[in-house]
Amino acid sequence: MIEVNDIHKSFGDSKILKGITTVFDKGKTNLIIGQSGSGKTVFLKTLLGLYTPEQGSIVYDGRNYSDLSSDEKSDLRAEMGMVFQGSALFDSMTIAENVMFPLRMFTKQSKSEMQDRVDLVLKRVNLGDAHKKLPSEASGGMQKRVAIARAIVNKPKYLFCDEPNSGLDPRTATVIDNLIQEITQEYDITTIINTHDMNSVMEIGEKIVFLKDGLKEWEGSNKNIFKTDNEAVTGFVYSSDLFKRVQKMYLEEDL
Amino acid sequence: MSYLHSIGQYFLMIKAMFHKPTKWSVMRHLIFKDIDDLIINSIGIVSFIAFFVGGVVTIQTALNMTNPLIPKTLVGFATRQSVILEFAPTFISIIMAGKVGSFITSSIGTMRVTEQIDALEVMGINAINYLVFPKFVALMLYPFIISIAMFLGILGGMAACVFGGFASLDDYIAGIQLDFIPFHMLYAFVKTFVFAFLLATIPSYHGFFMTGGALEVGKASTTSFVWTSVAIILLNYILTQMMLS
């Protein structure tokens with residue numbers, strides 16, 4: 001579980017996060033949504049410890065990040081897995097080497113133990129036969145699955161995903177969404193996904209935090225996002241005709 | 001103010017380079033890879049340039065010695081002094097700022113653009129140590145390249161001298177042995193180590209702290225070449241003043 005209390009973050013004169021308070025639950029897929037420029041990426045990078053907030057606290061299962069020593073912060077980061085928007089795979093390494101990288105850096109496992117773990121994780125993301133490929137030889141969907149495999153190989157407690165299905169076709173995007181949700185439940189980890197994809201919201205949004213202009217505008221789940229009368233949320237959700245029809249369907253179901 | 005900020009950030013990067021070291025088993029591979037990329041892969045171009053520029057230095061010297069009272073041994077002497085004191089350590093370093101420096105800036109800059117550096121930092125890895133330290137260690141072998149440049153520069157001079165008919169082989173060999181001062185070799189290699197440090201760190205700085213996209217990677221490579229060259233020329237002057245005057 002990650003508790004966020006009154007987080008503020010600025011770059012120069014520009015205030016990006018203006019006091020966000022929320023809780024991300026363990027074993028659930030928590031989604032951060034909002035329009036471009038709403039502060040989603042800065043919020044996610046602040047949760048990852050890449051940005052230091054000027055005010056507020058972030059507590060990871062009882063550990064307040066700002067109170068931790070440098071070594072404790074490193075240990076905490078080793079418990080985090082991250083899937084970047086562009087996958088961020090290391091170009092010079094094969095897919096297997098990319099996935100093995102966190103194990104080489106943070107564990108004292110023998111090479112065969114690491115290899116077994118890599119095989120297991122790559123099979124889990126349906127890439128059992130792609131070990132020797134370079135990232136440049138893999139499709140966008142494959143790269144995302146490798147990034148997920150790398151993020152979970154060291155059994156993280158926290159999984160962060162920045163727009164994991166951007167640039168993917170709808171079918172592959174659904175595969176990635178489902179894979180993340182399955183892994184979250186299987187490993188019982190706290191997963192936070194930054195997205196503006198409404199299909200993801202519908203599919204896996206067990207908890208949703210909606211940001212607007214650096215503030216939390218609304219929070220809830222995919223079950224009740226279509227019922228909210230918050231104008232900012234409805235403006236975002238029903239920006240396409242398809243979702244207007246979905247809303248109508250939901251309301252009819254309720255009646 | 002921005003220059004002061006950049007200089008401060010550069011020195012903080014150098015400090016961070018020695019902090020929180022990466023696991024040796026991983027670092028070892030990175031060092032060997034960088035030795036291959038930065039040192040071994042530069043030997044060809046350095047050899048080619050050194051040989052022919054050494055030849056040109058000899059021809060220019062010989063053609064300007066019109067007075068018959070000047071001994072022919074001076075051709076070899078002037079070539080040796082030019083190659084050892086300036087051409088090999090400084091001129092080759094400027095070329096390396098273009099070749100190796102651009103490679104370092106663009107490879108680290110691309111990692112920045114594609115969030116690979118963020119990925120390292122998220123994992124709790126000291127990205128500066130992971131990326132810059134192996135390049136620093138690899139470039140400590142840079143004097144090896146400069147030694148080759150010195151040898152081939154003098155050899156190229158010898159070939160040009162003999163085949164061009166400017167002096168006999170004996171005169172040239174006598175010239176390169178004339179009034180040899182071992183301290184000049186020390187001076188040349190002190191400069192080489194300082195330039196190696198600049199070649200490893202300035203391009204790394206420009207790659208590591210760049211922002212933007214692919215276009216900015218190109219701009220950062222150019223900027224890094226300019227600043228590495230400026231730093232090499234300035235330190236060349238300062239070291240020459242300190243050690244030779």
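In this predicted model, α2(B) provides the largest share of the lining of the second largest pocket, with 8 residues. The volume of this second largest pocket is about 890 Å³, and of the 35 residues that line it, Ser92(A), Met93(A), Leu30(B), Lys33(B) and Tyr130(B) are the closest to its centre. Two or more lining residues are given by each of α3 (95-106) and α4 (111-124) of chain A and by α2 (24-39), α4 and α6 of chain B. By class, the lining of the second largest pocket comprises 15 nonpolar, 10 polar and 10 charged residues.

The largest pocket has a volume of about 1100 Å³; its lining consists of 38 residues, among which Gly49(A), Leu50(A), Tyr51(A), Arg77(A) and Glu121(B) are the closest to the centre. At least two residues of this lining come from each of α1 (40-47), β4 (55-60) and α2 (70-78) in chain A, and from each of α1 (2-17), α4 (73-113), α5 (116-122) and α6 (127-139) in chain B. The lining of the largest pocket divides into 15 nonpolar, 14 polar and 9 charged residues.

The structure also holds 1 cavity of 30 Å³ or more, and the largest cavity contains about 140 Å³ of space. Of the 16 residues that line the largest cavity, Met80(A), Gly81(A), Pro102(A), Arg150(A) and Met123(B) lie nearest its centre. The elements that supply two or more residues to this lining are α2, β6 (80-83), α3 and α5 (140-152) of chain A, together with α5 of chain B, and the largest share, 3 residues, is that of β6(A). In the lining of the largest cavity, 12 residues are nonpolar, 2 are polar and 2 are charged.

Key. Residues numbered from 1 in each chain as written. Chains lettered and ligands numbered in written order. Predicted model: local features only at pLDDT ≥ 70, side-chain atom pairs only at ≥ 80, totals over all residues. Heavy atoms only, no water. 1 Å grid on protein atoms, 1.4 Å probe; cavity = no way out; pocket = protein on both sides within 12 Å on 5 of 7 lines; lining within 4 Å. Points joined across faces, edges and corners; volume = space filled by probe spheres on them. Helix = DSSP H or I, 4+ residues; strand = E, 2+ residues; numbered from the N terminus. Nonpolar A, V, L, I, M, F, W, Y, C, P; charged D, E, K, R; others polar.
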